[in-house]
Every structure is written in structure tokens, then in C-alpha cells.
Amino acid sequence: MRSFTAFTAVAALFSAILAQDTQGVSNYSPGDPLVNIINTSPTETHVYKVEGNADNPSSAYGSGGGSLPMATVSPGQTVKFQVGAGFIGAFTSRKGEGTRFEVNFRGDSPGDYKTWYNSDMQFGMSNTTLGPAEGDKQINGLDSLAGEQDCLAKANSAWGSVDEATQQSLIDTGYLEGSTGPNGVLTAVHMDKQADDSVVEFFQNIAEMNAYVSPGSVAGKPTGKTAAAANQFSWSVETNELTITGY
């Protein structure tokens, strides 16, 4: 019995090691900024488009800009993505067609670990979140999770508050799928840069997705209520380690 128990423990440790991977810069030093990427799906591989600012220092991933390899995270795997000191850039799920997360690890001065980040759904939406590795609050004390764990559930929570005629017009855009009426249920939701203003209004202000929807900091033309709503979605925390979780 003891030998079997020992074998089980060794196998579990080996499986845990296999479930982790390290990507990013090779000149990483302990204490440098880090983005953990967790894939909770038991079957689906998650692939992230990675971008680095053209002015990133040589210590940071993507120094000098240009096209970068995708970050691939297998089912059940955690990737420790070593972005390096001074990194500013973005991770976009679904190979660049899902929720996009911008991160800025430069802080206000050398050695200052104030980190800025946001989530953006104008290129697409996915069940993905970003926040401090230890679940810290924002500097202003508010909850710090960006993005949505379940976009469809969030949209459905607001669907009943929309009148039937508006429900039908939203479904007619093709960005929402499902049924209308008091017992109507959404079965799928989509987003991209071409979405109608009514779709942006629903996701941003009625469903209150926890992200920029159209007027993100990358592109888009913020107007009216969507511009006001977008101002909420930039976070800052006093840590240099963030975690992206894909569901």
C-alpha cells in the first residue's frame, strides 16, 4: 500500500509539472512582471494573440514591436508568461478575435509596481477574465476583475429588461441569437468592430459587460452614453503579477 501511495504522489507531481509552462522573455529575473494564463477548459486549447509596444525596452517581451508568436495554453494548463521589466502590450483571446486585455507594467517610477490594465470587447468577446494574481483590490478599493467569466449569462441577465420589439431588432443584427418575449432566452452573443450602435448599447449599458465594448482605447469612436460607460474600465493595482483565466 505504501509503494502505491508513493507512486500516486509522484504521478500527481509529474502531472502538475506537465500542466505548467513558461513562455515570454528568456532574461526573466525573479520579481519581474509576470502574466499567468490559466486554461480551465478540460478539452479546448486557448490561443492568445500577443502584442508588445514598439517602445518596449530590451528587457520586455516584444521589444521594438513587430509580429509576435501566439501564446498557446493547452486544456487544464497554466502558462507563466514572462513579459519582462517595462512591458506594455496586450493579450487577445481566440487568436485575436476574443476579449482583449491591455497591460502596462511600467508604473510611475523605477521599482514602482503600480500596474494598469483594461479589458476590451470591441474586437470580439470571450469567456475570459484578467485580474491580480492574488485577487487584490484596485488601488481605489473596488473589485479588480476585468472581462467576463460567462458573457452569455451576463447578457441573459439583462435580456428580460428589454422590450420585445427591441429584442427582435437586436436579434436581427445577427450579434445576438435566441428568442424574444417575457420568456425569451439568448443562446449566443457576438461582438466585433462592425457591430451596430444598438448592440454596443445593449452590451455596454444594459447588460453592463465588465469591459469596453466599442469605445476602447485601441480604436472606435466613443459617443454619448457608451463613452461615459467606457471611462469605468481601466484598473490599477499595486502588484506586478496578473492572471488571465479562460473558461
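Predicted model: local features only at pLDDT ≥ 70, side-chain atom pairs only at ≥ 80, totals over all residues.

Me: Which core has Ile-37 among the residues with the most contacts inside it?

Reply: That's the largest nonpolar core, with 24 residues, where Ile-37, Phe-81 and Phe-91 have the most contacts. The elements giving two or more residues to this core include strand S2 (34–39), strand S3 (46–52) and strand S14 (241–246). Apart from it lies another core, of 23 residues, among them Tyr-175 and Val-200. As a general point, nonpolar side chains in soluble globular proteins tend to be buried together.

Me: Now the rings. How many aromatic pairs are there?

Reply: The count comes to five.

Me: Why is the pair of Phe-81 and Phe-91 called edge-to-face?

Reply: Check two values. The ring centres are 5.2 Å apart, and the limit for a pair is 6.5 Å. The planes stand at 85°, and an angle over 60 degrees counts as edge-to-face. So the pair of Phe-81 and Phe-91 is edge-to-face.

Me: What makes this pair a tie between separate parts of the sequence?

Reply: Look at where the two rings sit. Phe-81 is in strand S5 (residues 78–82) and Phe-91 is in strand S6 (residues 88–92), so the pair ties together parts that are ten residues apart in sequence. Both Phe-81 and Phe-91 are buried. Ring pairs also link these two with Tyr-61 and Phe-87 into a cluster.

Me: How do you know how helix H3 is turned relative to helix H5?

Reply: From the angle of their axes. The axes of H3 (residues 151–159) and H5 (residues 197–206) come within 10 Å and cross at roughly 90°. Angles from 65 to 115 degrees count as roughly perpendicular, and that makes H3 roughly perpendicular to H5.

Me: Which residues meet there?

Reply: On the H3 side they are Ala-155, Ala-158 and Trp-159, and on the H5 side Phe-202, Phe-203 and Ile-206. By class, that gives six nonpolar, no polar and no charged residues. Phe-202 and Phe-203 are also among the buried residues of H5.

Me: Is Gly-64 buried or exposed, and how do you know?

Reply: Its relative accessibility is 53%, and exposed means over 50%. So Gly-64 counts as exposed. Gly-64 is in the loop between S3 and S4, and there it touches Asn-53, Ala-54 and Asn-56, not counting residues up to four places away in sequence.

Me: Then why is Arg-94 called partly exposed?

Reply: Arg-94 has a relative accessibility of 44%. Partly exposed lies between the buried limit of 20% and the exposed limit of 50%, so Arg-94 counts as partly exposed. Lys-95, at 55%, counts as exposed.

How values were computed:
Residues numbered from 1 in each chain as written. Heavy atoms only, no water. Phe/Tyr/Trp six-rings, centres within 6.5 Å; stacked < 30°, edge-to-face > 60°. Buried < 20%, exposed > 50% of the residue type's maximum accessible area, 1.4 Å probe, protein only. Core = buried A, V, L, I, M, F, W, Y, C linked by side-chain atoms within 4.5 Å. Axes fitted to C-alpha atoms, helices over the stretch in contact; angles between N-to-C directions. Parallel < 35°, antiparallel > 145°, perpendicular 65-115°, else oblique. Contact = heavy atoms within 4.5 Å. Nonpolar A, V, L, I, M, F, W, Y, C, P; charged D, E, K, R; others polar.
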